[in-house]
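I have opened a new page for this structure, and you are welcome to read along. Here is what I looked up, entry by entry.

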Amino acid sequence: MKKSLVKAIENLGWIIHDNGEDLELEQSSPLGEDFIFYVSKKNAARDIAEYAANFDEEEHAEMWIEGRGTRGIPSSIRALLDDAADIQTMLDDLAEAVQSVA
């Protein structure tokens, strides 16, 4: 993987865990969710762009609704939706950054 790609990812605050053929990309959302997703090392820029394009804010927020108000999960559905929107922005920024160096 190109050093410029690694730098672009890390400059946006993402942590990269190299799992051999795959990369685990991790960052905390504004509400503190440990947000993690995986991409192939060989096609990282493409996979990041696809993940960002296919991220569903409502679906993401929905998976936390049942646990609202427990284990650090906000009780507000609006807060969960806003955090999912912030994650979408994080992903879009990441996709744009890696496309510019790919």
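**The pocket**

I began with the lining of the largest pocket and found that its largest share, three residues, comes from α3. This is a predicted model, where local features need pLDDT of at least 70, side-chain atom pairs count only at pLDDT 80 or more, and totals for chains, interfaces and linings use all residues. Residues are numbered from 1 along each chain as its sequence is written, and side-chain values use heavy atoms, without hydrogens and water.

Both α3 (57–65) and α4 (77–101) give at least two residues to this lining; helices are DSSP runs of H or I with at least four residues, and strands are runs of E with at least two, numbered from the N terminus. By type, I noted six nonpolar, four polar and four charged residues in the lining.

**The sheet**

Next I traced an open sheet of three strands, ordered β1-β2-β3 with antiparallel pairing. At its edges are β1 (15–18) and β3 (34–40), each pairing on one side only; a pair needs at least two DSSP bridges between the strands. I counted seven bridges between β2 (residues 22–28) and β3.

**Asp47**

Is Asp47 buried or exposed? Asp47 is buried, with a relative accessible area of 16%; buried means under 20%, exposed over 50% and partly exposed in between, using a 1.4 Å probe and protein chains only. I placed Asp47 in helix α2 (residues 44–54). Beyond its neighbours within four places in sequence, Asp47 is in contact (heavy atoms within 4.5 Å) with Val39 and Ser40.

Conventions. Nonpolar A, V, L, I, M, F, W, Y, C, P; charged D, E, K, R; others polar.
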